[in-house]
2 protein chains.
Amino acid sequence: MGEVMEMENLLRYAEKLFDEVEIAVYRSRDISANVELNEISMASTRSGAVTIVRGIKDKRLGLAMVDSDEEKRVNEAIEQAAKMARLNSKDEKWVSLPEPGKYREKPKPNSELKEASPDTLVGMLVSAIKLAREKDEHVIVAGGESGVSWEERYVVNSHGIDVFQEGGAAFFFVELVGRKGNIVTPGIFDFDARRDLNLNFEGVVENAVQKVKWAYDVKSSRNEEVPIILGPWAISGLFSYALLPAFSGERLIKETTPLAGRVGEEIASETITLYDDPLHELAIEQVIADGEGVPTRKNVLIKDGTFRGFVWDNYWAKVYGTESTGNGKRDLRSGGISIGFHNVVIEKGRRSLEDMIADIEHGYFVDGFQGAHSSNPDNGNFAVTANPAFLIENGEVVGSSVFLIAGNVYELLKQASETSREQVVIPFMNTMITPFVKFENVKIAGK
Amino acid sequence: MGEVMEMENLLRYAEKLFDEVEIAVYRSRDISANVELNEISMASTRSGAVTIVRGIKDKRLGLAMVDSDEEKRVNEAIEQAAKMARLNSKDEKWVSLPEPGKYREKPKPNSELKEASPDTLVGMLVSAIKLAREKDEHVIVAGGESGVSWEERYVVNSHGIDVFQEGGAAFFFVELVGRKGNIVTPGIFDFDARRDLNLNFEGVVENAVQKVKWAYDVKSSRNEEVPIILGPWAISGLFSYALLPAFSGERLIKETTPLAGRVGEEIASETITLYDDPLHELAIEQVIADGEGVPTRKNVLIKDGTFRGFVWDNYWAKVYGTESTGNGKRDLRSGGISIGFHNVVIEKGRRSLEDMIADIEHGYFVDGFQGAHSSNPDNGNFAVTANPAFLIENGEVVGSSVFLIAGNVYELLKQASETSREQVVIPFMNTMITPFVKFENVKIAGK
């Protein structure tokens with residue numbers, strides 16, 4: 001209650017200096033432990049607070065950050081933001097900060113994550129290293145990390161927005177390298193992320209060791225058209241750079257998305273349904289309000305292959321004359337808000353990955369892509385190296401390979417033919433929750 | 001004095017749990033202000049402390065980090081490191097933590113940097129934006145930042161090392177883009193970094209505006225052999241990735257440096273003298289002790305073209321049977337020590353950049369390289385895009401161009417023919433202090 005009073009005082013003071021103002025406080029606690037070359041290399045505990053003041057005076061913006069939530073220091077930040085607003089020029093496009101909206105029910109946070117100790121993580125990593133080397137003596141645990149984060153977010157603004165949220169998540173990943181005879185496999189990753197401490201590290205190690213085993217048999221690749229199954233890590237990498245930015249309303253206004261004017265058009269095969277769902281059961285960060293306090297909602301991007309619409313934050317929505325979709329994401333380094341996603345989900349299918357592989361006479365299962373970051377979201381073009389990729393012959397994985405795919409993400413979307421019933425959380429970049437997806441007749445270039 | 005007592009208590013407690021132990025405390029205060037598209041976008045104030053405990057028990061390493069310097073939390077980190085050491089396996093290569101050595105005289109820190117306010121930086125950036133747009137109405141200040149940091153470092157270990165250092169630095173940079181008719185120039189950078197607040201922002205803006213003016217005249221490039229002058233930013237980018245790692249003693253042991261067995265050999269033209277000098281007058285971080293408390297010194301890497309030797313931290317030096325050269329650098333994210341540089345200096349020459357340009361009938365002045373990060377330090381091969389690059393005809397810059405250089409850094413070093421009397425501090429990656437350097441007969445590929 002003391003905190004609420006304090007925030008009211010701060011807001012009241014700030015209102016005197018600005019036409020409109022927003023104060024956002026982020027408190028976090030992060031514990032983590034790392035592995036390097038089969039040994040635990042570090043355990044760490046970090047915690048802190050950041051307060052961001054965004055005020056507008058006469059259409060002039062001021063933004064100040066301070067790594068504290070103490071009243072005195074936040075007051076200083078308010079004054080800094082006010083000085084900055086006086087020095088900046090007018091943003092004639094500015095309309096207003098968001099008004100209050102109706103939130104959905106808060107998910108219950110799992111408080112065991114708030115008190116977790118690095119010892120738990122160190123223990124888990126030690127067991128994982130032991131397990132990996134028991135399962136395959138040729139394996140080196142080249143890297144790995146386990147972490148637990150807890151975050152509290154409090155956003156208020158002078159129009160009455162006042163929302164507090166808290167929650168945590170845990171993650172675990174390993175990178176294995178196998179050395180057998182002259183063969184050194186590429187780094188093989190696997191991971192788990194969830195909202196409790198029951199990280200399935202045994203499953204992660206088993207999956208990774210399986211992929212290393214496949215990687216010992218190196219098969220050449222050639223130029224051909226083949227069915228490929230993309231794994232969650234490969235999909236997340238490619239879509240994050242080549243596809244997802246195209247759904248941003250800012251890009252619609254700036255004419256840098258190929259989706260302009262195409263709402264209602266078929267842009268993918270019927271297999272593909274894609275949405276942003278902040279409260280998805282597997283989401284690692286369930287939020288009812290976005291970075292500027294706007295209620296979040298499920299936003300469908302592609303429904304059975306049909307493009308359904310763009311996502312917006314408050315600023316660009318008002319410039320365009322529409323409403324924020326609750327996709328204002330706060331960047332804690334710059335303090336600013338920009339359009340982003342909470343949990344991008346690809347709808348799952350009915351059959352298992354195993355059954356999907358069993359159907360393929362000759363094709364590939366791609367675990368990861370390299371080079372996806374140089375994709376062009378203005379048109380969807382990409383050129384990536386599939387590595388690690390696994391050759392499928394007569395329904396079974398028989399070895400590993402490397403090849404190139406240069407194509408267009410929208411052409412690829414039309415080639416999608418099936419999604420697996422397994423869905424995996426990928427906690428990098430944009431958080432994605434995605435099944436394994438099969439694409440037909442994909443042109444690959446042997447390497 | 002209270003602090004010294006406290007540190008002694010912590011060390012005494014830690015000595016009970018380890019054979020050897022090191023405690024390092026880093027306190028910092030950072031203020032900064034940013035520019036985006038002609039407006040101040042953010043001002044921030046950050047401060048904090050990190051303590052790192054590195055203990056060895058029976059050749060087993062434990063390393064724990066905590067973002068605090070409070071006795072209670074450091075004690076927890078000591079206990080975590082001890083638990084980790086029990087779980088790790090032996091590092092048979094481990095010898096010992098460093099013993100005390102003799103430090104040079106501490107440089108006097110400039111305490112005005114400790115109390116600097118973001119307002120100063122905001123004011124400087126506002127003046128810089130105004131100046132840039134007065135000098136050239138077609139210029140946009142696309143980005144920019146000014147910052148002041150202050151750091152206090154305290155390292156103690158159970159062999160008697162006990163060294164405290166403090167100091168600060170300030171930096172300023174802008175990125176300009178010119179738009180004139182159909183021409184949009186590439187981003188043009190310029191910057192200043194120093195140990196006081198007298199940042200020369202007018203000079204930075206003048207240099208950048210000059211380069212933008214050159215960039216309006218786009219000239220085609222072709223395949224040819226020409227003299228080129230590399231600017232400090234281009235040199236720092238290329239050398240940081242292609243050359244400097246080769247001087248690491250760890251790479252000598254791991255056989256990943258082309259310099260193995262070549263001490264005393266000529267690896268560059270006589271023009272090139274290269275050394276790491278922590279107390280250089282232009283250094284932005286003057287340190288008398290490295291990250292593990294070993295005294296720093298001036299280490300000559302190349303003297304008049306001749307390779308003089310490798311640099312070492314404590315661990316790899318003892319594995320090899322030599323002494324640390326004071327090049328143990330602490331990574332504050334991983335907590336670990338690895339071999340690195342303090343201030344890499346290229347010796348300056350006698351004549352001005354202007355005179356060097358005046359000598360060139362047909363050639364280029366290269367301000368920056370793209371793609372240097374994919375250089376291979378194992379052999380010195382690189383392939384980079386020179387951009388921005390400026391065409392010199394009959395002793396004058398007449399326009400801008402883009403071309404490729406694919407080569408080998410050691411071949412390039414032999415082509416060096418002159419260094420300018422101006423030296424510039426580049427505060428990225430490794431800090432470098434470097435003149436403009438001319439190279440003869442460089443093969444370029446037109447674009």
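**View 1. Helices α3 and α4 of chain B cross at roughly 35°.** In this predicted model, local features need pLDDT of at least 70, side-chain atom pairs count only at pLDDT 80 or more, and totals for chains, interfaces and linings use all residues. The axes of α3 (residues 118-135) and α4 (residues 201-216) of chain B come within 10 Å. Axes are lines fitted to C-alpha atoms, for helices over the stretch in contact, and angles run from 0 to 180 degrees between N-to-C directions. Helices (H or I, at least four residues) and strands (E, at least two) are DSSP runs, numbered from the N terminus. The crossing of α3(B) and α4(B) is right-handed, a term for the near helix being turned clockwise from the far one by less than a right angle.

View 2. Contact means heavy atoms within 4.5 Å. By class, this contact has 7 nonpolar, 1 polar and 4 charged residues. Ala, Val, Leu, Ile, Met, Phe, Trp, Tyr, Cys and Pro count as nonpolar, Asp, Glu, Lys and Arg as charged, and the others, Gly among them, as polar.

**View 3. Helices α3 and α4 of chain A also cross at roughly 35°.** The axes of α3(A) (residues 118-135) and α4(A) (residues 201-216) come within 10 Å, and their crossing is right-handed. Among the residues in contact are A:M124 and A:L131 of α3(A) and A:F201 and A:V209 of α4(A). The contact of α3(A) with α4(A) has 7 nonpolar, 1 polar and 4 charged residues.

**View 4. A:H280 is buried in a loop of chain A.** The loop lies between β9 (274-276) and β10 (299-303). A:H280 has a relative accessible area of 9%, where buried means under 20%, with a 1.4 Å probe and protein chains only. Leaving aside neighbours within four places in sequence, A:H280 is in contact with A:R195, A:Y275, A:Q286, A:V345, A:Q423 and A:I433. The C-alpha atoms of A:H280 and A:D91, 189 residues apart along the chain, are separated by 37 Å.

**View 5. Chain A comprises 9 helices and 20 strands.** Of its 447 residues, 55% count as buried. The C-alpha atoms of chain A fill a box of roughly 70 × 55 × 35 Å, taken along the principal axes. In chain A, residues 24 or more positions apart account for 72% of the contacts with a separation of 6 or more. Residues are numbered from 1 along each chain as its sequence is written, chains are lettered from A and ligands numbered from 1 in the order in which they are written, and side-chain values use heavy atoms, with hydrogens and water left out.

Terms used. Buried < 20%, exposed > 50% of the residue type's maximum accessible area, 1.4 Å probe, protein only.
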